[in-house]
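Please look through the briefing that follows, which is written for a reader new to this structure. It begins with a term that is needed throughout and then goes topic by topic.

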Amino acid sequence: MDSIKQVGITLPEIGFHSGADAFMTTSSSQFLGILLLDRALPSDATPPTPPIGSMRNPATFEFPTIAETVIGAYGDDVIRGKPELETAYIAAARRLVERGAIAISSNCGFTIRYQAAVAASVKVPVVLSSLLLVPTLLRQMAAAAKLAVLAFDSTHCGEEFLGLSDPAARARVVIGGIEGGKLWHNEMRRTPLATSLADIQQEVAGCVAQLRAVHPEIGAILFECTVFPLVAPVIRQITGLPVYDITTLCRMTFSSVADGRAVA
């Protein structure tokens with residue numbers, strides 16, 4: 001597709017089903033720790049490395065990362081909400097800190113369900129979801145502007161995730177999702193199937209276009225889903241709007257606590 005070629009994005013078939021903790025390692029003792037969804041892969045599987053932009057690709061960030069798969073945390077359970085997973089998330093977060101993580105994030109925006117529990121269990125900053133940015137982004141914009149939150153599944157993106165108690169602020173947030181599409185069907189499997197960048201772009205761009213048609217006041221876009229950063233450059237080009245995602249939050253958080261050795 002032309003809009004993808006213009007920003008230099010290729011269109012290989014990509015799988016987001018890597019369960020391997022194959023993240024960048026360096027001599028530094030400081031890392032961004034990433035809590036990964038369980039992908040139910042065979043123990044001898046060697047999944048491909050996803051493109052830059054994915055939380056599973058070490059080249060996404062300019063600093064070293066480590067990861068822990070949260071056993072039993074399958075995407076469909078996290079998205080729909082499974083309270084029993086809280087213990088597994090806490091245990092995995094503590095392992096990351098023991099390994100040198102100075103900040104912790106995740107590769108699913110719906111892990112915001114476990115944000116409070118994980119943050120209370122470790123002594124490093126915890127930013128499990130880009131949804132934590134909602135109140136801040138609203139204050140960046142003019143009072144008449146709206147924030148579009150683009151979710152993997154908008155039917156499960158509850159009010160409690162937005163961090164807003166002011167009705168006037170809530171009225172400025174519009175939520176859309178790509179539920180029912182190719183990416184949704186592929187990722188809701190216990191072992192997900194591959195989805196092309198072209199399909200992801202089409203679904204994300206289509207959702208954004210629908211939201212903007214109804215809400216022309218939209219002044220910025222926030223991606224809840226951690227797959228969407230793969231097409232963020234295209235969406236910025238198409239819309240001319242600021243686009244924020246989990247990688248935005250991770251960079252800000254890591255840089256606030258890292259010393260020079262970690263980011264050199």
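Helices (H or I, at least four residues) and strands (E, at least two) are DSSP runs, numbered from the N terminus. By that naming, the protein chain has 11 helices and 9 strands, and Ala40 is found in the loop between β2 and β3. This is a predicted model, in which local features need pLDDT of at least 70 and side-chain atom pairs count only at pLDDT 80 or more, while totals for chains, interfaces and linings use all residues. Residues are numbered from 1 along each chain as its sequence is written, and side-chain values use heavy atoms, with hydrogens and water left out.

**The chain as a whole**

- Of the 264 residues in the protein chain, 58% are buried, where buried means under 20% relative accessible area, exposed means over 50%, and partly exposed lies in between (1.4 Å probe, protein chains only).
- The protein chain exposes about 11200 Å², of which carbon and sulfur atoms supply 55%; accessible areas come from the Shrake-Rupley method with a 1.4 Å probe, and for residues only the protein chains shown count as cover.
- Among contacts (heavy atoms within 4.5 Å) between residues at least 6 apart in sequence, 73% join residues at least 24 apart.

**The nonpolar core**

- In soluble globular proteins, nonpolar side chains tend to be buried together.
- A nonpolar core is a set of buried Ala, Val, Leu, Ile, Met, Phe, Trp, Tyr and Cys residues joined through side-chain atoms within 4.5 Å.
- The largest such core has 86 residues, and those with the most contacts inside it are Tyr89 and Ile104; its largest share, 7 residues, comes from helix α8 (residues 197-214).
- Leaving aside neighbours within four places in sequence, Tyr89 is in contact with Leu35, Leu37, Val70, Ala73, Val78, Thr111, Tyr114 and Val118.
- Leu35, which has its place in strand β2, counts as buried because its relative accessibility is 0%.
- Beyond its neighbours within four places in sequence, Leu35 has contacts that include Tyr89, Ile104, Asn107 and Leu128, and the C-alpha atoms of Leu35 and Asn107, 72 residues apart along the chain, are separated by 6.4 Å.

**Pocket and cavity**

- Rolling a probe the size of a water molecule over the atoms shows where empty space is left.
- On a 1 Å grid over the protein atoms alone, a cavity is a set of points where a 1.4 Å probe fits but cannot get out, and a pocket is an open set with protein on both sides within 12 Å along at least five of seven lines; lining residues have an atom within 4 Å of a point.
- Grid points are joined across faces, edges and corners, and a volume is the space filled by probe spheres set on the points.
- The largest pocket has a volume of about 170 Å³, and α9 (232-239) and α10 (246-257) are the elements that give two or more residues to its lining.
- Its lining divides into 5 nonpolar, 4 polar and 3 charged residues, where Ala, Val, Leu, Ile, Met, Phe, Trp, Tyr, Cys and Pro count as nonpolar, Asp, Glu, Lys and Arg as charged, and the others, Gly among them, as polar.
- Among the residues that line the largest pocket are Gly53 and Leu230, which are 177 residues apart in sequence and 4.9 Å apart in space, C-alpha to C-alpha.
- Leu230 has its place in the loop between β8 (218-223) and α9, and it counts as buried because its relative accessibility is 5%.
- The structure holds 1 cavity of 30 Å³ or more, and the largest cavity has a volume of about 230 Å³.
- Of the 19 residues that line the largest cavity, the closest to its centre are Arg39, Asn107, Glu187, Thr226 and Val227, and the lining divides into 10 nonpolar, 5 polar and 4 charged residues.

**Loop residues**

- Most residues other than glycine have a negative phi, and most peptide bonds are trans.
- Phi of Ala40 is near 55 degrees, a positive value in a residue other than glycine, and Ala40 is partly exposed, with a relative accessible area of 31%.
- Leu41 lies in the loop between β2 (31-36) and β3 (65-69) and is partly exposed, with a relative accessible area of 25%.
- Leu41 and Thr191 are 150 residues apart in sequence, and their C-alpha atoms are 6.5 Å apart in space.
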